[in-house]
Amino acid sequence: QELLTADSQGQSPFSRAPRAAHPAGKPMPPHEYTGSGGSPSIEAVQAQVNDVRVVMQENVDVMLANIDKTEVLENKSSQLATQARSFQKSSRQVKKHMCRQNAKMNLLIAAVCVIVLLAILIPVISSASSAAAATGGGGDSGGSSGRRLASLLFNEPLVYLD
């Protein structure tokens, strides 16, 4: 019925139809869209098909370029993951090595401290035992000489008057 009312008003149903868009974004003029009989000409439709084909080919090209870029990014990310694993492994090895070095250094410092302590204590003990022997403590039991040794080491020296 719309066709009948359009023909009775002297208009073509195609004249009210929206005009096809040109690839540049401009509407196509009516003489390119419609033929002599008011219907779309084959050339105009073929031109539209060709325009759509060009746009679709461009879209496919862009899509293929994006796929290539995605593959490149995927390869780079897998390389980064491999590098991260190797970095983690080497960092663990370095950490273990540094812990061993730290333990060796602590043992060395402890050994030096023990040697210095022995270097100080041995002369003090030997002088205390010789002082105890000189005062006539040789005949005493081990308990009294031990007390004298302890008093020499930790208290003021005892003075013996004969």
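**Surface patches and fold of the predicted model**

Arg92, Lys96, Arg100 and Lys104 form a surface patch of positive charge. Patch members have over 30% relative accessible area and no salt bridge, with like charges joined within 9 Å and nonpolar side chains (Val, Leu, Ile, Met, Phe, Trp, Tyr) within 5 Å. A salt bridge is a side-chain nitrogen of Lys or Arg within 4 Å of a carboxyl oxygen of Asp or Glu. Lys and Arg count as positive, and their charges are placed at NZ and CZ, respectively. Areas were computed by the Shrake-Rupley method with a 1.4 Å probe.

The model is predicted, and local features need pLDDT of at least 70, side-chain atom pairs pLDDT 80 or more, while totals for chains, interfaces and linings use all residues. Residues are numbered from 1 along each chain, and side-chain values use heavy atoms, without hydrogens and water.

The protein chain contains four helices and zero strands (DSSP runs of at least four residues for helices, H or I, and at least two for strands, E). Arg100 lies in helix H3, residues 42-134, and is exposed at 53% relative accessible area (buried, under 20%; exposed, over 50%; partly exposed, in between). Of the 162 residues in the protein chain, 7% are buried.

Met105, also in helix H3, is partly exposed at 44%. Met105 belongs to a nonpolar surface patch of about 850 Å², whose members include Leu108, Ile109, Val112 and Val116.

Zero disulfides were found in the whole structure (cysteine sulfur atoms within 2.5 Å). Cys99 is partly exposed at 48% relative accessibility, and Cys113 is partly exposed at 46%.

Technical notes: Buried means under 20% relative accessible area, exposed over 50%, partly exposed in between (1.4 Å probe, protein chains only).
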